[in-house]
Amino acid sequence: MFDAVVAVDAGVDQLLQYSEVEPMEVRELVHGAMFTRGPQDLASTAIFIGGSNVSAGEELLKQVKACFFGPLRVSVLLDANGANTTAAAAVLAAAKHVELRGAAATVLAGTGPVGQRAARLLARQGAKVRVASRSLDKARLVCDTIGQLVADAELTPVETKGPSESAAAIEDAQIVIAAGAAGVELLAADARAAARSLRVAIDLNAVPPAGIAGIEVMDKANERGGALCYGAIGVGGTKMKIHRAAIQRLFTANNLVLDAEEVFAIGQELPS
Ligand code: NAP
């Protein structure tokens, strides 16, 4: 429903929705989209991969791309669970206040779909990224995966099983992005206040309690204890603008594949 409403708001004239699509069903659907018109008219059709399961969405994107050949293709956007647009909005918020190249950034709960993409985008922009998780193995896996995608990425996995480890994970960081599951506090207010180098603190969790205690869901560059704070709705406005702009971009060509980096680039072009 959410994705459909945004598509209409972005100006889509006809919306054809398919749910619970399995990888083996992709070929027929994509061929249905790309064999209908000559290549010069294929930009009028685009594919949006949404839904709530991001790894299933990633698999569908792989299948969709495998269907294309020559000029016979349509543009496609992956934003399952809002992961790409949300991570892009969070990293853009941080970039408004801190030069990302060389900055120390911590992504708390950086193993979920949003956190992984935020870490990847930060690394791509040249930040030194700590990926925190309750499990060091999970954090390592995320760092390894991003390291394979981003040449020269500076990534450090960090285990954060409790409050003192979470506090240590943001020591010396200029940026923290909390990307934990809804309703889970990851960082206590005193730990954030004690991190004197922190310039931007972003909490993506909209469900109380906050992921970073003391950040309000509506915060948008509100100064709290020396750091500029963003809450989930504070980031959400930009996320929605990026989402709409990315859908509109789909219809400018028939060969676009919009994943995390491309969605971030669209966000960079938006007026601030
Ligand atoms: P997710 O997959 O549900 O969870 C992210 C990570 O949170 C998990 O990988 C896990 O990391 C950690 N976690 C889960 N349960 C925990 C617990 N009980 N205690 C401590 N850590 C726990 O989240 P997501 O889909 O990536 O989304 C991240 C956040 O962004 C969510 O709060 C979501 O609601 C929000 N969101 C916001 C917007 C927006 O527009 N503002 C849009 C989409 C999503 P480890 O197991 O590695 O510790």
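## Close-up views of a predicted model

Among contacts in the protein chain between residues at least 6 apart in sequence, 72% join residues at least 24 apart. The model is predicted, and the legends below go from the whole chain to single residue pairs.

**Figure 1. Overall view of the protein chain, with its 10 helices and 10 strands.** The radius of gyration is 19 Å, close to the 19 Å from the globule rule for 272 residues, so the chain is as compact as a globular protein of that length. Along the principal axes, the C-alpha atoms fill a box of roughly 60 × 35 × 30 Å. Buried residues make up 47% of the 272 residues. The accessible surface of the chain is about 13000 Å², and carbon and sulfur atoms account for 51% of that surface.

**Figure 2. Domain 1 and domain 2 of the protein chain.** The domain assignment places residues 2-82 + 240-269 in domain 1 and residues 85-235 in domain 2. The centres of the two domains, taken over C-alpha atoms, are 28 Å apart. Contacts between the domains involve 14 residues of domain 1 and 12 residues of domain 2.

**Figure 3. Helix 10 (residues 260-269) and the elements packed against its buried residues.** The buried residues of this helix are A260, E261, V263, F264, I266 and G267.

**Figure 4. Salt bridge between R120 and E261.** The closest N and O atoms of the pair are 2.8 Å apart.

**Figure 5. Salt bridge between D219 and R224.** The closest N and O atoms of D219 and R224 lie 2.6 Å apart. D219 is buried at 2% relative accessibility, whereas R224 is partly exposed at 26%. A search of the whole structure gives nine salt bridges.

**Figure 6. Salt bridge between E159 and K161.** The side chains meet at an N to O distance of 4.0 Å. E159 is partly exposed, with a relative accessible area of 29%. K161 has a relative accessible area of 60% and counts as exposed.

**Figure 7. Nonpolar surface patch of L16, Y18 and L29.** Together, L16, Y18 and L29 have about 340 Å² of accessible area. L29 lies in helix 2 (residues 23-34). The relative accessible area of L29 is 32%, which makes this residue partly exposed.

**Figure 8. H31 in helix 2.** Is H31 buried or exposed? H31 counts as buried because its relative accessibility of 18% is under the 20% cut-off. G51 is 20 residues from H31 along the chain, and the C-alpha atoms of H31 and G51 are separated by 21 Å.

Technical notes: Residues numbered from 1 in each chain as written. Predicted model: local features only at pLDDT ≥ 70, side-chain atom pairs only at ≥ 80, totals over all residues. Heavy atoms only, no water. Patch = residues over 30% accessible without salt bridge, like charges linked within 9 Å, V, L, I, M, F, W, Y side chains within 5 Å. Areas by Shrake-Rupley, 256 points an atom, 1.4 Å probe, with all protein chains shown as cover. Helix = DSSP H or I, 4+ residues; strand = E, 2+ residues; numbered from the N terminus. Buried < 20%, exposed > 50% of the residue type's maximum accessible area, 1.4 Å probe, protein only. Rg over C-alpha atoms; globule rule 2.2 N^0.38 Å. Contact = heavy atoms within 4.5 Å. Domains from an automatic or database assignment.
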